[in-house]
Every structure is written in structure tokens, then in C-alpha cells.
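Please brief me on the fold, the core and a few selected residues of the structure below. Plain sentences will do.

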Amino acid sequence: LSVWHSLRPVRALSMNVNSLDDAADLTPGDSSCDSDPTAATVCTIRAAIEEANALAGSDSINIPGGTYVLSSTLGSLLITSGITLQSISGLTVIDGGGTNRTLYVQSGSLALTGVMLQAAGTLGSLRLDTGTAATLSDVTLASGLGPAAVNTGGTLALINSTISGNAGGISNFTGTTTLSNTSVISNNNATGGGGGSVTGGAVQV
């Protein structure tokens, strides 16, 4: 009985973001993306991710066009489950506000499609920890104050994506990074080389 209660529900959710605000989910794990206790359902990107993290299985999050600026107090968007983030209309931008890492895959996996990550802080736009995976398709990582992506032991794939105007390209430490289908790295400026650095693992183009 105790084991049964410790298990997270296994269900696949498809959540629709409907707010540009950055606010946490009220009750992660209740299968409802909602960050506002008083108004009608307010589903932010952060609330949807927190809800997905609390549930077993893979979930998808649909994001309409707009610029979503992350709160400096709430920090990075943390991924700890299997999550798909996809733009469903127009230009969809997740903005780090010059202080935050936008996405941090601590465990699980991320599929990111049609989204721009911009204005991340010095820690970079995206980080992958050991054993994680991220596939970026038609994604732009731009104008960050740190490296566009930091891979510390995961599997990172960029497809039809652009990395431009950051303080560094890709820092690949012990993981594997693959660039395919005309992924572009340009105008990334950093002392010691802005395009990218490899201190272990492998980068495949």
C-alpha cells in the first residue's frame, strides 16, 4: 500500500499555455495547469512544466506566439520528466531577462520545437545534466550572456536550429552533441573562442 501511494500517476497530458506571465503551478500533480487561485484557469509555461514534472510519463505543452519573460526570482525552467514544448503559432520566445538560464534539463528528456530562447544569463540558455536528453528542432538560441548550451553528460541534438549572438556557442563536457540539417553557429563571442568548446564527450556535425 505504501508503495502504491508513493507512485506518481501515469498519464499523458497535453496542456495549452494561455498566459504570458511567469508563475508557478498551484498544485503540481493534480493534472491541472493553473497558477491563479482566483481567476479562471491561468496556465503559464512554468506551471505547465511543473505539472508535467509531477506526473509520470511524457507530456506535451503547447505554447502560442508571444514573448515569455522569466522571473528573476523563480529562476530557470526545470525539466525532470519527459516533456515536449512546442510552439503552435507565431513567434514564440522564452526570454531569460538577462539573469536566468532559460531551460535546465536535470533529469528526463526535452523535445523543443519552434521556440526561440533569448537573453539568458551568464549560465547559458540550456543545460543538460548526466543521463538526460534534449532534441531542439527549428529552435533559435540567441543574445545570451553565456554559452547557448552547456552539456555536462547528456545527449543533445540540434536540427534546423540557429545559435547566434551569445557570449559562447556550445560547451560540451562529457556528453554527446549532434548538429544536423544546416544548424548554424555564428557571431558567438567569448574569450578563448565563441563558437563552442569541447572538453570531453563528442560533437558531431
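**Briefing**

The protein chain has 2 helices and 20 strands; helices (H or I, at least four residues) and strands (E, at least two) are DSSP runs, numbered from the N terminus. This is a predicted model, in which local features need pLDDT of at least 70 and side-chain atom pairs count only at pLDDT 80 or more, while totals for chains, interfaces and linings use all residues. Residues are numbered from 1 along each chain as its sequence is written, and side-chain values use heavy atoms, with hydrogens and water left out.

**Chain totals**

- Of the 205 residues in the protein chain, 46% are buried (under 20% relative accessible area; exposed is over 50%, partly exposed in between; 1.4 Å probe, protein chains only).
- The protein chain has an accessible surface of about 8900 Å², and carbon and sulfur atoms make up 54% of that area (Shrake-Rupley method with a 1.4 Å probe; for residues, only the protein chains shown count as cover).
- Among contacts (heavy atoms within 4.5 Å) with a separation of 6 or more, 54% join residues 24 or more positions apart.

**Core and helix H2**

- The largest nonpolar core holds 39 residues, and Leu-103 and Leu-126 touch the most other members (such a core is a set of buried Ala, Val, Leu, Ile, Met, Phe, Trp, Tyr and Cys residues joined through side-chain atoms within 4.5 Å).
- Helix H2 (residues 45–54) contributes the most to this core, with 5 residues.
- In H2, 8 of the 10 residues are buried, among them Ile-45, Ile-49 and Glu-51.
- Beyond its neighbours within four places in sequence, Leu-103 contacts residues including Ile-49, Leu-77, Leu-110 and Leu-126.

- Ser-58 belongs to strand E2 (residues 58–63) and is exposed, with a relative accessible area of 54%.
- Leaving aside neighbours within four places in sequence, Ser-58 touches Ala-12, Leu-13 and Gly-82.
- Ser-161 sits in the loop between strand E14 (155–159) and strand E15 (162–164), and it is buried, with a relative accessible area of 1%.
- The Ser-161 side chain reaches the backbone nitrogen of Val-139 at 3.1 Å and the backbone oxygen of Ile-159 at 3.0 Å.

**Aromatic residues**

- Arg-101 lies over the face of Tyr-104, 4.8 Å from the ring centre (the criterion is NZ of Lys or CZ of Arg within 6 Å of the ring centre and within 35 degrees of the ring normal).

How values were computed: A polar contact is a pair of N or O atoms within 3.5 Å; within protein, one must be able to donate a hydrogen and the other to accept it, and residues adjacent in sequence count only if both atoms are side-chain atoms.
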